[in-house]
Amino acid sequence: MGGTFGTGCGLPAVLLCLAALLCANLILYLYLDALYQDTNPLSAHTQCPLHHFKVGTMTTCTPWLQCPQIRAEVRRVKLIGQGAVKKVYLSEWRGQKVALSVLSSKQYTDDFLHGLSMLRALQSAHVVTLVGACEEDGVFVTEYHPLGSALTLDATLAQDRYLWRNSWHTRLQLAIDHVAFLAYLHSSPVGIRVMCDSNDLHKTLSQFLLASDMRLLANDLDALPEVERGRRGVKCGHHELTGDFVAPEQLWPYGEDVQFSDEAMPGYDEKTDIWKIPDVTRFLLGNVLGSDVIHFHLFQIYTECKRKEPHMRPTALEVLSVYRSVYDSMIESQSQRVRDML
């Protein structure tokens, strides 16, 4: 009697557990499908008219701030960054946290104004939001991102609140954001531009901000010279570059016996940015579960990016296409495994 009763109660319990498991898997599948179906960044840039902004908790777009508004309404809170060209202060404007960039020295005025002109011209989903500027005071205001530069990535993802984001999905998306910015830069509204503040990995990563939604935004645009086809090319600075991170064509080509000369140094083009993509990607992907599979899928495009002859390297747009394809295939494989469990 007792055995029969136990069997009768056990079977519904098992069926209930199986049903709960299937429901959980279905919810997981739908969640992943919705979360990762779009690899394009959602940005306030697409929601505001030209020369307008919306940051923080703002619900409406506002015209870029001008000198009188910046002087009267932007209040400095504390210094959060400093370089040769500018100092950056966490500031407050009408209850919104913003970043105020201030020219450090008049000797860098040209670099500062170049960065500001690029910030204005390149406003897009790939670039930090401009809030306003006052050239005569040597200041401009941008959206504030508390996580700082991409250099903080590993430390940020190790925090409890972001630990769930420390996955191949997040990290590959950041790599896609990096390449997407280069593709935009190489066909920008103001011509073909080259990232010259990228002579080592640390410097390159410092040019990007890590947004709270784990997207990458270009921030430091002080050194983006234009490549004019048929001309000599660009040069990133007036001093000799060394190391494996920079592209071969950026190295002094005449040997150690010939003293470096800026005048004799040949120029180069945007393909220097392509050479550096694999190194940046390796940092962004880290060592999370699935990163080794992604590296395997990207091996061929890495090889192409590292070709010694610049003209043999792919364009940023071609690299971007491969990266997005790998992302989609990884998502499909993950979704298929979930479907197989249903």
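A disulfide is taken here as a pair of cysteine sulfur atoms within 2.5 Å. The model is predicted, and by this rule its count comes to 3 disulfides. Cys67 and Cys134 form one of them, with their sulfur atoms 2.1 Å apart. The torsion about this S-S bond is about 100°, so the Cys67 and Cys134 disulfide is right-handed. Because Cys67 lies in helix H2 (residues 67-73) and Cys134 in strand E6 (residues 130-134), the pair ties together parts that are 67 residues apart in sequence. Cys67 counts as buried at 12% relative accessibility, and Cys134 is buried with a relative accessible area of 0%.

A disulfide is also formed by Cys48 and Cys61, whose sulfur atoms are 2.0 Å apart. With a torsion of about -85° about the S-S bond, this disulfide is left-handed. Cys48 is located in the loop between helix H1 (2-36) and strand E1 (52-53), and Cys61 in the loop between E1 and strand E2 (62-63), so that parts 13 residues apart in sequence are tied together. At 14% relative accessibility Cys48 counts as buried, whereas Cys61, at 26%, is partly exposed.

Cys196 is joined to Cys236 by a disulfide with an S to S distance of 2.0 Å. This link is left-handed, with -75° about the S-S bond. Cys196 lies in the loop between strand E8 (192-193) and helix H6 (201-205), and Cys236 in the loop between strand E11 (226-227) and helix H7 (271-285); the pair therefore ties together parts that are 40 residues apart in sequence. Cys196 is buried at 6% relative accessible area, and Cys236 counts as buried at 7%. When the bonded cysteines of the chain are numbered in sequence order, the pairing is 1-2, 3-4, 5-6.

The chain contains 9 helices and 11 strands, and 46% of its 342 residues count as buried. Of the contacts with a separation of 6 or more, 65% are accounted for by residues 24 or more positions apart.

The largest nonpolar core has 76 residues, and those with the most contacts inside it are Leu172, Phe181, Leu221 and Tyr323. Helix H5 (residues 168-185) gives the most to this core, with 12 residues. Since domain 1 (52-143) and domain 2 (148-333) both give residues to the core, it lies between them. Beyond its neighbours within four places in sequence, Leu221 is in contact with His114, Gly115, Met118, Leu119, Leu122, Val127 and Phe181. Another core, of 11 residues, lies apart from the largest one and includes Val194, Cys196, Val234 and Trp252.

Terms used: Residues are numbered from 1 along each chain as its sequence is written. This is a predicted model: local features need pLDDT of at least 70, side-chain atom pairs count only at pLDDT 80 or more; totals for chains, interfaces and linings use all residues. Side-chain values use heavy atoms; hydrogens and water are left out. A nonpolar core is a set of buried Ala, Val, Leu, Ile, Met, Phe, Trp, Tyr and Cys residues joined through side-chain atoms within 4.5 Å. Buried means under 20% relative accessible area, exposed over 50%, partly exposed in between (1.4 Å probe, protein chains only). Helices (H or I, at least four residues) and strands (E, at least two) are DSSP runs, numbered from the N terminus. Domain bounds come from an automatic or database domain assignment. Contact means heavy atoms within 4.5 Å.
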